[in-house]
Amino acid sequence: MKVWVPALGLSLALGLGAAGDGFEPPSVDYKNIPYNGRFTFARLRFRPSHWGPGRYQWGLDLKWNHDYPRGEAHFMKMLKELTTLDPNQEGGNILALDDPELFKYPVAYMCEPGFWTLTDKEAAGLRAYLLKGGFLIFDDFVGPHWTNFAEQMQKVLPGSRLLDVDNDHPVFDSFFRIDDPRAFPHPYFRWARPNYVGVFEDNDPGQRLMVIANYNQDVSEYWEWSDTNYAPIDLSNEAYKLGVDYVIYGMTH
């Protein structure tokens, strides 16, 4: 297993600027489900380095809100149908990285980490969550967005190594057997070669996988639009299989 370093030589128009650069984004209203012991989708929010108006929830492109709430709502329906878990169906919860409530949720999700910024307090909170047993999924970032993701991860877990997660790792066989997740394409950036990179306890691939990053991939995009003809059914199914595997792995390791 090797440390993975992507090639970032492409010059791409990836929306790296927005109207809100340098300013605090506005507060948005959402209602979390009170903790009841059932599995709940936990989405992490952060202050984005760039933001602005957009076609996402609240009419804002806050980066962390991509595919919300349809992505998790559809995924929770599939999780209920396919597994013995009884997840909350009313939607997912949104949590800050330093919110003590995060420790109630064994699996957390963050999208667009290319725009992720964090304070020392948030880094410490997320570090404690991961070391205590939390499992974190990163999704929806491509190309040069890798650089910021890697920098922020060093703040969270100094000295950690981002390693390839091999196809035979148990995370790809915890419920469904996925022979080659890298053969499953990005929903629209077909030039992007998906890779799955992780952080392991003590940088040892034989120990618990704490973080998995879907680089050059956007699994939740498939979830969000799976009730339309946006993507072929077989690709949406692969996205659901991957998500189910992640949840089951996070709940059992």
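A residue is called buried here when its relative accessible area is under 20% and exposed when that area is over 50%. In this predicted model, the buried residues of helix α2 are Glu-122, Ala-123, Gly-125, Leu-126, Tyr-129 and Leu-130. Because these residues cover an arc of only 165° around the axis, they are placed on the same side of α2. The face turned away from this buried side carries the exposed residues Asp-120, Lys-121 and Leu-131. On the buried side, packing takes place against the strands β1, β6, β7, β8 and β11, as well as against helix α3.

The dimensions of α2 were also examined. Just after α2, Gly-133 adopts a positive phi of about 130°.

Within this helix lies Leu-130, which counts as buried because its relative accessibility is 0%. Apart from residues up to four places away in sequence, Leu-130 touches Leu-136, Val-156, Leu-157, Arg-208, Met-210 and Val-211. Pro-205, which is 75 residues from Leu-130 in sequence, is 16 Å from Leu-130 in space, C-alpha to C-alpha.

Although Asp-67 is buried, it has no salt bridge, and the nearest side chain of opposite charge, that of Arg-43, is 5.8 Å away. When neighbours within four places in sequence are left aside, the contacts of Asp-67 include Arg-43, Tyr-56, Glu-72, Asp-218 and Glu-221.

Methods:
Residues are numbered from 1 along each chain as its sequence is written. This is a predicted model: local features need pLDDT of at least 70, side-chain atom pairs count only at pLDDT 80 or more; totals for chains, interfaces and linings use all residues. Side-chain values use heavy atoms; hydrogens and water are left out. Buried means under 20% relative accessible area, exposed over 50%, partly exposed in between (1.4 Å probe, protein chains only). Helices (H or I, at least four residues) and strands (E, at least two) are DSSP runs, numbered from the N terminus. The arc is that of the directions from the helix axis to the C-beta atoms. Contact means heavy atoms within 4.5 Å. Lys and Arg count as positive and Asp and Glu as negative; His and the chain ends are not counted. A salt bridge is a side-chain nitrogen of Lys or Arg within 4 Å of a carboxyl oxygen of Asp or Glu.
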